[in-house]
Amino acid sequence: MQPVFRFAPSPNGPLHLGHAFSALLNADLAKGANGRLLVRIDDIDRERCRPEFEAAIVEDCEWLGLNFERPVRRQTDHLHEYGNALDRLRELGLAYPAFMSRAEIARGVDADERNGRSWPRDPDGSPIYPGDDRSLAVAEANARIEAGAPHAIRLDVARAIALAGPLTWREFRSDTFDEVEPIRAEPGQWGDVVLAGRDTTASYHLAVVIDDTAQDISHVVRGHDLQAATSIHRLLQTLLGLAEPVYHHHRLILDDEGRKLAKSDDDVGMAALRQNGFTSADIRRIVGLPV
């Protein structure tokens, strides 16, 4: 079966050097494996995503020399698929409405920490959801929803882990494609993650596993900052009967102070670099890829 790789940026700002490295690495690996390269637009966050950023992403990918297939998949064209997956998790008794807002969680964190109690945090450093709504009676939850109470849908991670059992994922080396020993997934460290937000049909975690299966992605190549999230992705893949790709989490391109690049860093944006006379070959040299 022909390998399939993907580059999946969100159109909520311009691409920068970190995105360019990920896109070019995917392209190089796809070429080396005689595989296919897809570009996917992760535009599930309709509040922040903009058509002009999507157009700029496609232009930047073409300028970088990526040979990717058309048409490009957009998440907003497939909302029903995420809804179906969410319904399946509800049927399994693994999804519940969560009414606590971030402000309410923050107040709970502050109160605990003022009293000398530490609040557990996920790998990204965010406070883990306390799960107060997990045991809410169905009738009460439905009444609050019908009354218009804002809520998210969260995954009962402890129950999901009990159903799925122990999980691993396979990480491969980008230089040889050799798979290293399976890495143990630890989804419990995330707590009850969001499956659908108050204003979004699906979270990143849910949408990405649906998209990867729908596009027959065999190799997921993305930044090291997403490695811990793979535990949740493997859990969702198992619960929903989805395909399991192999993974490679690459190094990040950092700024002069050792911080991950942000889309607000205009001086390392593709458009700004292009306007300043940089070529696609220059970009490859800057990010440490062969020209």
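Modeller: Here's a walk around helix α8 and its two partners, with a stop at helix α4 at the end.

A bit of housekeeping: this is a predicted model, where local features need pLDDT of at least 70, side-chain atom pairs count only at pLDDT 80 or more, and totals for chains, interfaces and linings use all residues. Residues are numbered from 1 along each chain as its sequence is written, and side-chain values use heavy atoms, with hydrogens and water left out.

Helices here are DSSP runs of H or I, at least four residues, and strands are runs of E, at least two, numbered from the N terminus. Two packed helices are described by the angle between their axes and the distance between the axes. Those axes are lines fitted to C-alpha atoms, for helices over the stretch in contact, and the angles run from 0 to 180 degrees between N-to-C directions.

Take α6 first. Helix α6 (residues 157-164) packs on α8 (residues 230-240) at an angle of about 60°, with the axes 10 Å apart. That makes the pair oblique, because under 35 degrees counts as roughly parallel, over 145 as roughly antiparallel, 65 to 115 as roughly perpendicular, and the rest as oblique. Their crossing is left-handed, meaning the near helix is turned anticlockwise from the far one by less than a right angle; clockwise would be right-handed. On the α6 side, the contact (heavy atoms within 4.5 Å) is made by A160, I161, L163 and A164, and α8 brings L235, T238 and L239.

Now α7 (residues 204-214). Its axis and that of α8 come within 9 Å and cross at roughly 60°, so this pair is oblique too. This crossing, though, is right-handed. From α7 you get Y204, H205, L206, V208, V209 and I210, and they meet I232, H233, L236, Q237 and L240 of α8.

Last stop, α4 (residues 102-114). Its 13 residues should span 18 Å at 1.5 Å a residue, and its end C-alpha atoms are 18 Å apart, which agrees; the expected span is 1.5 Å times one less than the number of residues. I105, V109 and D112 are its buried residues, where buried means under 20% relative accessible area, exposed over 50% and partly exposed in between (1.4 Å probe, protein chains only). On the other side, R107 and R114 are exposed. Strand β5 (152-155) is part of what covers the buried ones.
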